[in-house]
Amino acid sequence: RKEELQEKLIRSEGWDLVIVDEADRMSASYFGGDVSYTKRYQLGQKLGQVCRHLLLMTATPHNGKEEDFQLFMALLDGDRFEGRFRDGVHYADTEDMMRRLTKEELLKFDGTPLFPERRAYTVKYDLSDQEASLYAAVTEYVRTEMNRVRRFTETDGRKRNNVGFALQILQRRLASSPAAIHASLKRRKERLENELTEAKLIARGKKFDLSSSSELLSDEVLRNIDEYGEEEVEEFEEIVSTTATSAETIEQLEIEVDTLRGLEQQALRVLRSGKDTKWLELNKILDDDLMIDNEGIRRKLIIFTEAKDTLLYLADKIKTRLGKPENVEVIYGGVTREDRRKIISRFMQDRDLMVLVANDAAGEGVNLQRGHLMVNYDLPWNPNKIEQRFGRIHRIGQTEVCHLWNLVAADTREGEVYARLL
């Protein structure tokens with residue numbers, strides 16, 4: 001994203017070979033009939049112009065969209081793959097340009113597998129009555145707001161996209177934990193209460209725009225959200241989830257704030273009840289025989305979440321569960337790179353660090369192979385991230401069988417999707 005570095009690259013002498021790791025992030029896609037190029041894709045195009053040979057490497061499956069995949073292949077051969085995609089007609093053979101192997105197919109020189117065996121378990125659990133009631137209430141709020149925001153389709157696409165993104169965040173945090181949805185509802189309610197107070201002072205009863213243009217994310221940012229680091233994504237999500245609203249009048253905003261007050265109180269009751277069924281399932285996993293080695297010592301475990309509120313909530317509960325705060329560390333977007341390196345180093349070397357709770361700030365490009373046990377407490381909405389997470393332990397040099405537990409709530413939208421995928 002630094003233009004001065006890209007200009008320096010273009011001015012440089014030709015390179016014999018450029019190797020790009022995690023090349024799947026150089027993505028482009030068709031959006032509304034037009035091609036949307038990410039900044040990393042544009043960088044890939046520039047790299048292709050200044051080198052004789054370009055090697056793209058990735059362990060992430062493509063998204064299954066042939067048109068997007070051919071845009072990706074155009075980085076290697078624009079003459080063959082560029083041009084408007086026509087389903088069933090526009091297709092080019094990639095056999096002479098691509099080497100595709102699964103981990104199971106990779107062998108050492110002696111013919112033995114390069115990667116150890118991997119085992120994944122889907123852990124289904126039923127929401128309690130209180131949790132199911134909260135799930136239904138928040139889902140209905142999201143559905144109602146999504147129906148209202150459709151009227152911005154023609155008049156204000158930016159606002160529509162921001163409100164839609166905000167509601168998507170709420171739905172994800174609802175599936176994450178009582179702590180996450182309560183904190184999210186509380187922050188959204190408090191921010192909109194402030195907006196309501198200010199609006200009453202400025203324009204009583206008149207039509208106004210609650211989401212100021214400075215706080216709304218551009219369509220380009222929303223389309224390219226995967227290009228940003230976890231810390232930036234967390235900041236974007238916090239801004240949008242607390243400010244973007246479909247309300248246009250004071251009366252509409254009052255109704256939404258009242259709804260949020262009720263939902264926040266309902267979420268607080270669930271949180272204080274102590275009946276977090278998802279946590280209870282994790283608690284059972286912590287007692288699994290695989291968690292203890294032959295010497296009776298607890299093995300290292302990585303737990304992946306999405307929402308930072310859930311991450312901190314889990315870290316506190318696990319510290320209490322194990323009885324020693326030093327047994328648990330966390331990695332999320334707000335942890336500095338230096339502290340992140342120290343935590344990873346400690347995880348690899350210190351036997352006292354038993355549990356690492358992280359979000360996708362530790363989901364890519366991080367070596368955690370000292371452990372071979374992982375739990376997806378929150379499943380990402382992008383299934384490719386599941387493979388990226390598992391790759392933190394299931395990697396070259398790992399000698400143990402790797403085990404992964406995926407927690408899935410039954411009778412929820414998310415649960416139905418993942419039950420099919422997993």
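Predicted model: local features only at pLDDT ≥ 70, side-chain atom pairs only at ≥ 80, totals over all residues.
Okay, let's start with the inside. The largest nonpolar core has 50 residues, and the members touching the most others in it are Leu282 and Ile303. If you ask which element gives this core its largest share, it's strand S10, residues 402–409, with six residues. There's also a second, separate core, this one with 34 residues, and Val233, Phe236, Val240 and Ile250 are among them.

What does Ile303 touch, once we skip residues up to four places away in sequence? Leu282 is one of its partners, and then there's Leu314, Ile318, the run Val355, Leu356, Val357 and Ala358, plus Val375 and Tyr377.

Leu282 itself belongs to the buried set of helix H12, along with Thr277, Lys278, Trp279, Glu281, Ile285 and Leu286. That's seven of the ten residues in H12, which runs 277–286, so the helix is largely enclosed by the rest of the structure.

Thr277 turns up again when we look at Ser128. That serine sits in the loop between strand S5 (118–125) and helix H5 (129–149). Setting aside its neighbours within four places in sequence, Ser128 contacts Lys275 and Thr277. Ser128 is buried, at 18% relative accessible area; the cut-off for that is under 20%.

Now helix H14, residues 337–349. These 13 residues reach 18 Å from first C-alpha to last, close to the 18 Å you'd expect at 1.5 Å a residue. Which residues of H14 are buried? Arg340, Ile343, Ile344 and Phe347. Look down the axis of H14 and those buried residues fall within an arc of 95 degrees, so they line one face of the helix. As a reminder, an α-helix has 3.6 residues a turn, so residues three or four places apart point the same way. And what do the buried residues of H14 pack against? Three strands: S6 (301–304), S7 (328–331) and S8 (355–358). On the face of H14 turned away from the buried side, you'll find the exposed residues Arg341 and Gln349.

Next, a helix pair: H7, residues 157–176, and H10, residues 230–243. Their axes come within 8 Å and cross at roughly 105 degrees. That makes H7 roughly perpendicular to H10. From H7, the residues at this meeting are Asn162, Phe165, Ala166, Ile169, Arg172 and Arg173, and from H10 they are Glu237, Glu238, Val240 and Ser241. Val240 is also one of the residues in that second core.

Last, some loop residues. Glu22 is in the loop between strand S1 (15–20) and strand S2 (28–31), and it's partly exposed at 25%. Asp411 is in the loop between S10 and helix H16 (413–421). Is Asp411 buried or exposed? Exposed, with 70% relative accessibility.

Then there's Pro61, in the loop between strand S4 (51–56) and helix H3 (66–73). Pro61 is partly exposed, with a relative accessible area of 42%. From the C-alpha of Pro61 to that of Gln252 is 44 Å, and the two are 191 residues apart along the chain.

That's my tour, thanks.

How values were computed. Residues numbered from 1 in each chain as written. Heavy atoms only, no water. Core = buried A, V, L, I, M, F, W, Y, C linked by side-chain atoms within 4.5 Å. Buried < 20%, exposed > 50% of the residue type's maximum accessible area, 1.4 Å probe, protein only. Helix = DSSP H or I, 4+ residues; strand = E, 2+ residues; numbered from the N terminus. Contact = heavy atoms within 4.5 Å. Expected span 1.5 Å × (residues − 1). Arc of directions from axis to C-beta. Axes fitted to C-alpha atoms, helices over the stretch in contact; angles between N-to-C directions. Parallel < 35°, antiparallel > 145°, perpendicular 65-115°, else oblique.
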